Amino acid sequence: SARVTQDTEPNATEAAQWNGPAGAHRVRFADMIENQTRHHTELFRAAIAIGQHDRVLDIGCGTGESTRAAARAARDGAVVGIDLSEEMLARATQLSAAEGLINVSYLRADAQVHEFPAGEFDVAISQFGSMFFDDPTAAFTNIGNALSDGGRLVLLVWQSRARNEWSEAIRQTIGAPAPDTEVPGPFALADPARVADILEAAGFGEITCTNVHVPVWYGPDGAVAYEFAAGFASTRRYLADHDAADLGAAQDRLRR
């Protein structure tokens, strides 16, 4: 049955976000988030091509959409979802149990440092959950050590901020400056050359990147879209930079 075990969390900043307001936001909008990137998800699952007997590690699994999909595909295998968020993992466990999935478990831990048994998995996957490591080379080295010989790593990540209109529209509407750095953060693995360097240094080979350009979905109306976008960690940071006099106007611009 689905279960959660716990490990320590060395990446304090990201742990505080994902085991705090960011995790709560994703639980609140879990169904909508699945719809938000449904076109991406279809392509991602086709790329993973999980086999019936595969042992799968899902990195940054969140509320477990990708974990549950992997468990359905690896019906005679096993799937472990790992994440920093206690609240998201509780939701993932609940959903997996409700679906009757008996080949899935969840681990509250940091994939950068958790001591996985060597060669435990055939496939490691991550659907928008691998961009937040303080030390990505160390993280992917650790993940690679958890893979069997010939094991595969399949990541779905955002391209650059400039190529993601949803992000730039929010930032520009609020009137926030461009961030000094994207690392770590949603766009940390946007550059294919940087990703290749990281993965090669971590011991991976045969690295390929595929360009995906499909729309995202922000709900049935503007009110839902506003509540969704206002809860992003980046939006909260942007709004926090406004003084009291400007905050209301920035929120109104975003709502419009």
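This is a predicted model: local features need pLDDT of at least 70, side-chain atom pairs count only at pLDDT 80 or more; totals for chains, interfaces and linings use all residues.
Residues are numbered from 1 along each chain as its sequence is written, and side-chain values use heavy atoms, leaving out hydrogens and water.

Visitor: Is Arg68 buried or exposed?
Guide: Arg68 sits in helix 5 (residues 65-73); helices are DSSP runs of H or I, at least four residues, numbered from the N terminus. Buried means under 20% relative accessible area and exposed over 50%, with partly exposed in between, for a 1.4 Å probe and protein chains only. At 7% relative accessibility, Arg68 therefore counts as buried.

Visitor: Which residues is Arg68 in contact with, leaving aside neighbours within four places in sequence?
Guide: Contact here means heavy atoms within 4.5 Å. With those neighbours set aside, the partners of Arg68 are Glu34, Thr63, Leu95, Ser96, Glu99, Leu101 and Tyr106.

Visitor: How are helix 8 and helix 11 placed relative to each other?
Guide: For helix 8 (residues 165-174) and helix 11 (residues 233-240), they come within 10 Å and cross at roughly 15 degrees. Angles under 35 degrees count as roughly parallel, over 145 as roughly antiparallel, 65 to 115 as roughly perpendicular and the rest as oblique. Helix 8 and helix 11 are therefore roughly parallel.

Visitor: Which residues of helix 11 do Ile170, Arg171 and Ile174 meet?
Guide: These three residues belong to helix 8. Their partners in helix 11 are Thr235, Tyr238 and Leu239.

Conventions:
Helices (H or I, at least four residues) and strands (E, at least two) are DSSP runs, numbered from the N terminus. Axes are lines fitted to C-alpha atoms, for helices over the stretch in contact, and angles run from 0 to 180 degrees between N-to-C directions.
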